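Trainee: Before we go through this structure, could you show me how each label is set against its cut-off?

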Amino acid sequence: MLIDAHVHLQEPVLLDRLSEVMGTCRQEGVRLMLCNGTKPSDWADVAAISSRFPEVLPCFAVHPWYVAEAGELWEVELRDFLSRYPSAVGECGIDRWIEPRDEALQERIFRRHLQIAAELERPCMVHCLRGWGWLMDILTSEEKLPPAMLIHSYGGSLELIEPLRKMNAYFSFAGSIFESKREKLREAAKAVPLDRLLVETDAPALTPPEERRRYQVVTPEGEVQNHPGNLPLVYHGLAELLGMEASDLEQQVEANARGFLGDLFDARR
Ligand SMILES: [Zn+2]
């Protein structure tokens with residue numbers, strides 16, 4: 001059972017051809033997909049996709065790139081979506097790469113997501129780009145953390161893996177780690193305890209290099225983007241990297257997803 005721990009099926013480049021995209025994913029053996037909302041205006045699409053495709057688990061949150069457009073009522077709306085669907089909190093977090101940015105607002109909104117996920121006992125999908133010390137400060141100063149967190153597309157140091165693990169974090173990696181210059185990410189993937197490893201595409205983002213890509217989608221502007229049907233190639237590449245049989249990795253990741261999602265794992269099947 002292949003599980004995509006982080007994907008954005010609501011992005012127009014995928015949503016515009018969703019029947020075809022999901023048909024390909026089913027053919028490729030993808031059985032569970034964690035579809036992450038990024039702002040209040042895309043949550044209804046995420047919910048509708050999950051109603052149409054039972055293998056899609058909806059996740060709702062405000063991504064750090066969109067905190068400025070979250071509006072006054074985002075928290076009320078978020079609680080409403082979380083109460084109406086078996087769902088996780090995601091994707092939220094912090095980002096020191098995006099320009100311009102309001103770091104105080106990012107932190108305030110991220111902390112609220114952590115608190116809501118902890119209160120409602122939902123797993124939480126975390127985005128962190130160029131802000132690892134900041135992330136650790138936030139996580140260690142929160143009184144209560146969500147029951148489990150997924151640090152998606154993990155790009156932190158090897159030293160942070162253990163303290164994050166102790167906070168019930170899981171770590172996922174996408175096909176972009178196979179770009180030749182991404183040695184650091186491959187080292188991190190090898191250092192993550194096997195029982196905390198998950199696999200993602202982050203499609204339509206994080207397009208893998210050509211030799212690790214079977215499918216792609218193209219935007220109206222002609223930009224090549226990632227297709228979630230590439231998931232088996234990420235599993236295979238990771239298994240190769242870890243010196244494991246792909247089928248063993250598949251079983252291990254399924255057990256990890258159960259641990260990460262708890263009751264939600266069976267909610268979608
Ligand atoms: Zn994402």
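Predicted model: local features only at pLDDT ≥ 70, side-chain atom pairs only at ≥ 80, totals over all residues.

Mentor: Residues are numbered from 1 along each chain as its sequence is written, and side-chain values use heavy atoms, with hydrogens and water left out.

Trainee: Why is Ala 47 called buried?

Mentor: Buried means under 20% relative accessible area, exposed means over 50%, and partly exposed lies in between, with a 1.4 Å probe and protein chains only. Ala 47 has a relative accessible area of 2%, so it is buried. Ala 47 belongs to helix H3 (residues 40-52), where a helix is a DSSP run of H or I with at least four residues, a strand is a run of E with at least two, and both are numbered from the N terminus.

Trainee: What does Ala 47 touch, not counting residues up to four places away in sequence?

Mentor: Ala 47 is in contact with Phe 60, Phe 81 and Tyr 85, contact meaning heavy atoms within 4.5 Å. Its C-alpha atom is separated by 9.4 Å from that of Gln 10, which is 37 residues apart along the chain.

Trainee: What makes strand E5 a partner of E4 and of E6?

Mentor: Two strands pair if DSSP finds at least two bridges between them. Five bridges join E4 (residues 88-95) to E5 in parallel, with Val 126 as the bridge partner of Cys 92. E5 and E6 (residues 149-151) are also parallel, over three bridges, and Met 125 stands opposite Leu 150.

Trainee: How much of E5 is covered, and why is Leu 129 called partly exposed?

Mentor: Five of the six residues of E5 (residues 124-129) are buried. Leu 129, which is in E5, has a relative accessible area of 32% and is therefore partly exposed. With Trp 65 and Trp 97, Leu 129 makes a nonpolar surface patch of about 290 Å².

Conventions. Patch = residues over 30% accessible without salt bridge, like charges linked within 9 Å, V, L, I, M, F, W, Y side chains within 5 Å. Areas by Shrake-Rupley, 256 points an atom, 1.4 Å probe, with all protein chains shown as cover. Salt bridge = Lys/Arg side-chain N within 4 Å of Asp/Glu carboxyl O.
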